[in-house]
Structures are given as C-alpha cells and as structure tokens.
Amino acid sequence: ELLDEEASGDIHIMCPKFLAFRGPNDNRSNAERWGFDPHDYVPLFKHLQVSAVVRLNEPDTYDPSAFTSQGINHHDMYFDD
C-alpha cells in the first residue's frame, strides 16, 4: 500500500481502529529527506476518521496543537527506547 512508503508518511493500518505512523517533526533539518510536519497528516487523518494521536517519542518533537486544533485528541505516553 502506498501509505506505508516513507514519502507518503510511513503509515501502517494495523486494524480498522488503529494505525501507526512515523512521528511528525517540527524540527526536521534540511538533511533529513523524509518526514512530515504534523499539519501534513491532518487531511489524511480526517479522511480516515482518526480521533486521537498518541505520541510515544519525546514531547519536543512537534506541537500537538496541529492535531488538537483540528478536533483530533492528543496524548503523550513517552517511554525510553
């Protein structure tokens, strides 16, 4: 499926109510070829009726308001790799 390609957001539909995706990053350097800004995911998440995002990585990677301002709930569950 095209969604699982890095250039398409690296999104994997695990089951009808759960999908996994490469965490967005507001602080992406020009050297990083792939990766999406949080705003890039919103149209697709709205289309897929995503109601919540759970961030598992560091809280400073992006501003959750990109999701919450569009009616998508956001939760942090950070853990060390």
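**View 1. Ring pairs join Phe-21, Phe-36, Tyr-41, Phe-45, Tyr-62 and Phe-67 into a cluster.** The model is predicted: local features need pLDDT of at least 70, side-chain atom pairs count only at pLDDT 80 or more, and totals for chains, interfaces and linings use all residues. Residues are numbered from 1 along each chain as its sequence is written, and side-chain values use heavy atoms, without hydrogens and water. Rings of Phe, Tyr and Trp (its six-membered ring) pair if their centres lie within 6.5 Å; planes under 30 degrees apart are stacked, over 60 edge-to-face, the rest tilted. The count is six aromatic pairs.

**View 2. Phe-21 and Phe-45 pair edge-to-face.** Their ring centres are 5.0 Å apart, with planes at 75°. Phe-21 sits in strand β2 (residues 18-21) and Phe-45 in helix α1 (residues 38-47), 24 residues apart. Helices (H or I, at least four residues) and strands (E, at least two) are DSSP runs, numbered from the N terminus. Phe-45 is buried at 1% relative accessible area; Phe-21 is partly exposed at 22%. Buried means under 20%, exposed over 50%, partly exposed in between (1.4 Å probe, protein chains only).

**View 3. Phe-36 and Tyr-41 form a tilted pair.** The ring centres lie 5.2 Å apart and the planes meet at 45°. Both residues are buried.

**View 4. Arg-55 and Asp-76 form a salt bridge.** The N to O distance is 2.6 Å. A salt bridge needs a side-chain nitrogen of Lys or Arg within 4 Å of a carboxyl oxygen of Asp or Glu. The whole structure has one. Arg-55 belongs to strand β3 (residues 52-55), Asp-76 to strand β4 (residues 73-76). Arg-55 is buried at 3%; Asp-76 is partly exposed at 44%.
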